[in-house]
Amino acid sequence: MIEQLPKIYLYRRLVQAKLFIDKNYHEAIDLNDIADEAYFSKFHFIRQFKNIYGKTPHQYLIKVRIENARLLLKKNIPVADVCYAVGFDSITSFSALFKKLTSRSPANYQQAELKRQNEMQQSPLKFIPACFAGEKEWLQKRNFQ
């Protein structure tokens, strides 16, 4: 008779796979690589991962890549460089997925974020809730505008 593995052991293997994605998102990893990290068959792994995280491993990988792309775009790194830095092979597929998940193209997102950063430098008080600024008496001092 085969003994049943404790659920915590199986959960740790899924967490290990998630951490593998978080660490290696920029590499050319695929489902086989990720499932191997958890020591599951890929089909069993997909079911278990989605059950725990609410997304398939591929959906999670795309999400992590797009989140990291957003951070790089805020640093004014060219869109093509960002695309390859986060693990995409095609600027077209990167742009389409980025727009699907953020409702803006990478270039539009970058322009808006750079504009926002500039406005924050010019008028930081505009980005602080008035109730908080009032509590700190920043509204009276006007040294933040």
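Let me begin with what R65 touches: leaving aside residues up to four places away in sequence, R65 is in contact, meaning heavy atoms within 4.5 Å, with Y25, E27, I29, V86, G87 and F88. Please keep in mind that this is a predicted model, in which local features need pLDDT of at least 70 and side-chain atom pairs count only at pLDDT 80 or more, while totals for chains, interfaces and linings use all residues. Residues are numbered from 1 along each chain as its sequence is written, and side-chain values use heavy atoms, with hydrogens and water left out.

R65 is buried, which means under 20% relative accessible area with a 1.4 Å probe, protein chains only. What, then, lies 3.2 Å from a polar atom of the R65 side chain? It is the backbone oxygen of V86. The charged end of R65 also sits over the ring of F88, 5.6 Å from its centre; here CZ of Arg, or NZ of Lys, must be within 6 Å of the ring centre and within 35 degrees of the ring normal.

F45 counts as buried because its relative accessibility is 0%. Ring pairs link F40, F45, F49, Y53 and Y60 into a cluster, and the charged end of R13 sits over the ring of F40, 4.2 Å from its centre.

Technical notes. Buried means under 20% relative accessible area, exposed over 50%, partly exposed in between (1.4 Å probe, protein chains only). Lys and Arg count as positive and Asp and Glu as negative; His and the chain ends are not counted. A salt bridge is a side-chain nitrogen of Lys or Arg within 4 Å of a carboxyl oxygen of Asp or Glu. A polar contact is a pair of N or O atoms within 3.5 Å; within protein, one must be able to donate a hydrogen and the other to accept it, and residues adjacent in sequence count only if both atoms are side-chain atoms. Rings of Phe, Tyr and Trp (its six-membered ring) pair if their centres lie within 6.5 Å; planes under 30 degrees apart count as stacked, over 60 as edge-to-face and the rest as tilted.
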